[in-house]
Amino acid sequence: MTTPAPASRSGPPSWGDFAFRWLCQSAGMFVLAIAAALVAVLVFKAWPVLSEPGKYHLLTSKKWYPDDDEYGALVFVYGTVVTSLIAMLIAVPLGVGSAAYLSELAPPWVRKVCAFLLEMLAAIPSVVFGFWGVEFLAKQGLAPIFEAMGLSNVAAGQGLLAAGLVLSVMILPYITAVSFDVMQAVPRSQREGSLALGSTRWQTIWRVVLPYARPGILAACFLALGRAIGETMAVTMVIANSQYLDFRINGTGDTIPSVIAKELFEASGDKQAALVALGVLLLVITLVMNVAARLLVRWVGKPRARRGRPVRLDDTPPAPEPPRPAAETAAGQARAKRTDRVMRFALALCQFLTVVPLFLILGYIAVRGVGGLNWDFFTKLPNDRDGRGLKHAIYGSAMLVGMATAFAVPLGVLAAVFLAEYRTNRLVAPIRFVAELLGGVPSIVIGIFGYALLVYPVWMDVKRGMFSAWAGAFALAVMMLPVVIRAAEEAMRLVPNSLREASYALGASRRQTVLKVVLPAALPAIITGVFLALGRIAGETAPLILTARGSQFMPRTPSDPTPFLPFYIYRFASYAPGSPEIQLAWTAAFVLVAVVVMLNVGVRLISGKRVVAAARAD
Amino acid sequence: MTRFLTFVFFVSALPIVGGCGDKKNPDGTTSGPPARISAGGSTFINPLMQKWSSEYKQNKNAEIDYVSQGSGYGIEQTTKKTIDFGCTDAPMNKDQLAKAKEAGGDVYHIPLTMGAVAVAYNVPEIAGKELKLTGEVLTDIYLRDESVKKWNAKRIADLNPGLALPDKDIVVVARAEKSGTSNIFSEYLSKASKGKFKASTKPDWVQGVTGQQGSDGVSGFVKGNSYAICYVEVEFAKKNGLATALLKNKKGAWVGPEAAAVTAAAEEALKTKQDKEPYSLHDLTYSLTDADGAKSYPISGLTYAVLFAKQPKDKGPALVEFLKWATTEGQSFTTELSYAPLPDELRAKIKEKLALVTFE
């Protein structure tokens, strides 16, 4: 075979390669630009308050009287802290216990089933958690308990405790999943060494696995805490909205995300600045949690080296201890075995308790939702004379999700190509880092961003603000982008290098290799990640309330206010028991959860083992 | 890659498909899509507004897209022009008016309907029986005063001799967000308690009062929980089957939240010079609370449409047409939904006001 002339080979391919690389790099830099814009817009809007801390006492006063120009947010900070702490108190022991059970004790089939169920739990939209929380957990769970305790039933079980419990259920899957991964990363030799020395399973878990995995578990806790702090819909629906410091077990309150969601679009001037300042506070806190988590994850690799040092320093092996009396040894062993059995049961119980909420939620929603499932639901509008339905909201949700996907997927995949295939570029590390942080930003903060950027832009003397599908889809796309990037990057990394090398050996350029070899090979896993991201944003409510607003009619163009299904769950959830609206809400919750569950199940069935990579990106 | 691109194309096509669809007239010719007016705000008026929306679309081929989010939203988003008009039960105060004028010039307040803020409650033990409350007692209930913590408190029992009130804590419910209903209610409490309670769209509720979102949230909560009490536009109480209290008016008569009693309050208010802010800031705004007249319901209110006097050419005419319809023909739907129709005198003034709207 004759070798092509060098000139003809280097010409066109070089140009194409350059353009392709520029395109991928631009996509990556766009991620940086979005993050920078997010921070800039929020700080700009909050500046009137941020720049005068002495005047407003934002964090030290509990007087939130906007009409009197008083913006003390201590009550909301307190509510956020208390609900998050309650959530952590419950979710951390349960989550770590579940992870330990799955990692060290469970048979493989149990591990698979439980992992799947946890994914289902994580996929449930927060507005559904809120609905379930107020109707089931608060009203049918806590209210009777408070009554029995002789406590004043101020809000039918709603309040700080209910909000904390709902949050704990929401963050449980994350703690469990990350802790499990971290425990799995503990070298097998450590376990075998411990068992060989006669330790029981529990002793091995307690003395070897958990200490080794501690940094990773702490990272899981930080991530979960960031999520709990930033949660909006689930909390605002169950916390009972009061503005005072309430220290009672049946106390009511409010949180930072909740007050932002309720009051941002009736606010202007300093009040808006104060609310956005709270958004900035949320952003800072969650970023700190995220960074701390990532630092801890990176540190997981280090304990091993550190653990090795004492051995090297100890030149002389210690003298063997004198043998213990036989009776003492036997008694100790018996006690250890009893403890082992008890703790095995306890860990199994943790796993059981972790999965129970899923069935409580799915079961309750199915029972309440199926009754209203009929053709009208899909073909009528809420005000139609001859039947009630949410056709417009279903259509609107599909439209918003579709537009968000159309924006986030191409951009995300290109950015991922840059991260995975141009690793030596100095921008790769910051882009990856920022994309990860973007994934941890609370949705209400992204809602503020969308509102300030597209609904009522900050930078131009606009005459007319506009709620629209564009703004809503943009907010969803910002939320979706980090997930897509991570899923796609992971997928490409899993493609064997040998395929790339073969392609290069045949004379293909980098662009050709990526487009014709790497991407096709990674496509199934990328699609998996995309569907998981779809499931996540399909149930989003908080950012859409601030950007798409909702509507009573079918959207005509993307420039119109656009209805979305979660809106009706949120809005109708508080209607009277037995009303047609609350039935619509239950049916909507059922449909939404069914879609999300089908997405997850479908993804799992289609992708098989490939879901592992994508699932991690979630 | 082909599958992926197909997927993206499909989802991208959704908005295009949705945007199509001209409406076909009976004779087969095609006209443009119906005008769509975007609005939002007061939850007080929402049942009537949804009814109007349905009727207006049926008969006039125009869509009124009303999303109820509270009066605070109605005022703020009208100023920001994200909606074509807002609805509010509390007229703009001085600050809000200045801000709106800066944003788009003069603002008109157009009364749309009148209604009662009912004191609704859920006490199974006295189902079907009348409950009487005074403004002073109501104020102290909402201030969680020790003297009226329970349903069988002496001050309540004294007003209702012979009524078997239960020994249960009163569960006090208020609105969580800025609300015109809260403004009307707290304005009444302020008058009844001689300033002990301060009027506001978002009053400073004391510890022990729970906040729920929207009128439906408030009434829904009371419906679902025994021993709860709330203030809510009367239609929400009726549709949820909640009992409502009789209140003592300025003349000492016990009056329930009927439309006729609201009309009586309005007749008195129309005779009264509105010399207090924010009512004095606008041409057609009236305080109906604690009105004179033996038949007046003391917690009555008006819901206003707020709109700029200068409207865009494309949507403005449709908006004005709707408001004209709502304040004339639309009034025939008020009574069935427990609202009171606007008095003829007021309708005439509204007509004059709407004629001043300009389009540019």
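The model is predicted, so local features need pLDDT of at least 70 and side-chain atom pairs pLDDT 80 or more, while totals for chains, interfaces and linings use all residues. Residues are numbered from 1 along each chain as written, chains are lettered from A, and side-chain values use heavy atoms, leaving out hydrogens and water.

Over residues 77–293, chain A is 79% helix and 0% strand (helices are DSSP runs of H or I, at least four residues, and strands are runs of E, at least two, numbered from the N terminus). The end C-alpha atoms of this stretch sit 22 Å apart.

Now for the charges. A salt bridge here is a side-chain nitrogen of Lys or Arg within 4 Å of a carboxyl oxygen of Asp or Glu, and the count over all chains is 39. One of them pairs K262(A) with D254(A) at 2.9 Å, N to O. K262(A) is buried at 6% relative accessible area, and D254(A) is buried too, at 2% (buried means under 20%, exposed over 50%, partly exposed in between, with a 1.4 Å probe and protein chains only).

E421(A) and R500(A) also form a salt bridge, again 2.9 Å from N to O. This pair links distant parts of the chain, helix α15 (residues 391–421) and helix α19 (residues 497–505), 79 residues apart.

In chain B, K80(B) meets E76(B) at 2.5 Å, N to O. Both K80(B) and E76(B) are buried. Finally, salt bridges with shared partners join E263(A), E266(A), K271(A) and K202(B) into one network.
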